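Please look through the sequence and the three-dimensional model shown here before reading the explanation that follows.

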Amino acid sequence: MEHLILRSNDIGAEGTMNICNSIAETFGQGKILRTLVLNGNPIGEDGGLAVAQMLQEGSAIEHLDLGNAEIGTQSLIALASALGYNHSLKVVNLENPRTYEIEDTTTYHIAKMLRANRSLEELYLGKHNMTDSGAQLLAEHLEDNASLRVLDLRANKIGIAGAESLAILLMRGGTIIQVLNLASNRICDQGAQALAVALRSSGNLQSLDVSRNEIGDMGLVAIADALNSNSTLERLRLFGNEFGEQAADAIKELFESRFKYFDFKEKDFVPYVVDG
């Protein structure tokens, strides 16, 4: 057995400890588990610490999903510490933890991990109460990371400054991020304009989600204009922003040019004309 998927059951800390002990024991016997999904189980702080301990002691897990598992600050820090020295994990989901600190404490430890880790390809940090300072920390530490392809920061509290830091990261040559999800944040027009500048020069980004971000005409037009100078983006989500007349015209022009002549796989908007 290589994949253990136990999504949305009622497994708590004790059950998680038993699972982790078994994984560690069978790993010592040469048996390889590659996927562990505990999403939607109330494993809590003790369960999260058990998983971190298992990772430190050694495993071959490549895909770890602890989203919506009621893990807290201590287990997030322990997991970040374990990931700093882990060379097998490629996909990690830590969405929606139970953290209540005001500052971006856990984000700081996750950012430090990203500077050291050289195997992680996908990281999901939705609903972490991450602010601009947290996004700036991630951007700074990702400058030295050449493995992360997917960064999901949906449903946080990232504003203009955080978006600007991520835009600068995308323009630097060291990062290979291909998917950036900033849905349900608050980057507004200025943040969207910064990302638009990055779109003009980024040669790696393939998917951008800035839906529900309080972006108005200025930001939406900037993104649309930037796409005329970009040939790598294949997926774009803009739903839930404030489309005005200028943005509508710019989007209509995209459908008649960029989207018509280049392969574009996904978009969550479409223009329509009424009475000519």
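Asn68 is partly exposed, with a relative accessible area of 30%, where partly exposed is the class between buried, under 20% relative accessible area, and exposed, over 50%, for a 1.4 Å probe and protein chains only. The model is a predicted one, in which local features need pLDDT of at least 70 and side-chain atom pairs count only at pLDDT 80 or more, while totals for chains, interfaces and linings use all residues. Residues are numbered from 1 along each chain as its sequence is written, and side-chain values use heavy atoms, with hydrogens and water left out.

Asn68 is found in the loop between β3 (63-65) and α3, helices (H or I, at least four residues) and strands (E, at least two) being DSSP runs numbered from the N terminus. The phi of Asn68 is near 55 degrees, a positive value in a residue other than glycine. Ser184, in the loop between β7 (179-181) and α7 (188-201), also has a positive phi, of about 60 degrees, although it is not a glycine, and at 28% relative accessibility Ser184 counts as partly exposed.

Helix α3 (residues 73-83) packs with helix α4 (residues 105-116) at an angle of about 10 degrees, with their axes 8 Å apart; axes are lines fitted to C-alpha atoms, for helices over the stretch in contact, and angles run from 0 to 180 degrees between N-to-C directions. That makes α3 roughly parallel to α4, a term for angles under 35 degrees. The contact, meaning heavy atoms within 4.5 Å, is made by Thr73, Leu76, Ile77, Ala80 and Leu83 of α3 and by Thr105, Thr106, His109, Ile110 and Met113 of α4.

The axes of helix α2 (residues 44-57) and α3 come within 8 Å and cross at roughly 10 degrees, and α2 and α3 are therefore roughly parallel to each other.

Within α4, the buried residues are Thr106, Thr107, Ile110, Ala111, Met113 and Leu114. Seen down the axis of α4, these buried residues fall within an arc of 160 degrees, so they line one face of the helix, the arc being that of the directions from the helix axis to the C-beta atoms. What covers them includes α3, β5 (122-124) and α5 (132-142).

Leu114 is also among the residues with the most contacts inside the largest nonpolar core, which has 78 residues; such a core is a set of buried Ala, Val, Leu, Ile, Met, Phe, Trp, Tyr and Cys residues joined through side-chain atoms within 4.5 Å.

Definitions and conventions: Angles under 35 degrees count as roughly parallel, over 145 as roughly antiparallel, 65 to 115 as roughly perpendicular and the rest as oblique.
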